[in-house]
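Please keep the sequence and the model side by side as you read.

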Amino acid sequence: TVELSVADMGNMGGLALIANLGANLTSSDSDDGYTKTVEIDGRKIHEQWTAASKKSQAFEIIDNRFAVSADGSGVAMDTAVQALGSIDAARIAQLKP
């Protein structure tokens with residue numbers, strides 16, 4: 001299963017920017033899983049995979065305001081990334097506070 005969520009960080013936009021910058025710098029890989037940032041269709045997506053529990057998480061920050069994530073359980077990372085890609089980032093960015 002994959003659960004999608006969108007959170008409006010509103011006035012916390014500065015924190016969202018910091019989180020986004022931090023995500024771009026974090027990368028690790030081991031037998032337990034991996035964490036990395038990839039660019040897909042111009043969108044910076046942060047991926048986190050835990051091998052033992054087969055948990056996948058893909059998230060991005062849109063317009064320094066919206067935290068969007070796809071959390072998967074028992075599914076491949078590609079499935080979580082596809083679910084995240086189904087979200088219309090341009091439309092979300094147009095939402096008014």
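Buried means under 20% relative accessible area, exposed over 50%, and partly exposed in between (1.4 Å probe, protein chains only). By that cut-off S56 is buried, because its relative accessible area is 3%. This is a predicted model, in which local features need pLDDT of at least 70 and side-chain atom pairs count only at pLDDT 80 or more, while totals for chains, interfaces and linings use all residues. Residues are numbered from 1 along each chain as its sequence is written, and side-chain values use heavy atoms, with hydrogens and water left out.

Now to the layout. Along the sequence they follow the pattern β-α-β-β-β-β-β-α-α. Of the 97 residues in the chain, 32% are buried.

S56 belongs to strand β5. Contact means heavy atoms within 4.5 Å; leaving aside neighbours within four places in sequence, S56 is in contact with Q48, W49, A70, D71, G72, V75, A76, M77 and A80.

A nonpolar core is a set of buried Ala, Val, Leu, Ile, Met, Phe, Trp, Tyr and Cys residues joined through side-chain atoms within 4.5 Å. The largest one has 14 residues, of which A58, I62, V68, L84 and I92 touch the most other members.

The most comes from α2, with five residues.

Technical notes:
Helix = DSSP H or I, 4+ residues; strand = E, 2+ residues; numbered from the N terminus.
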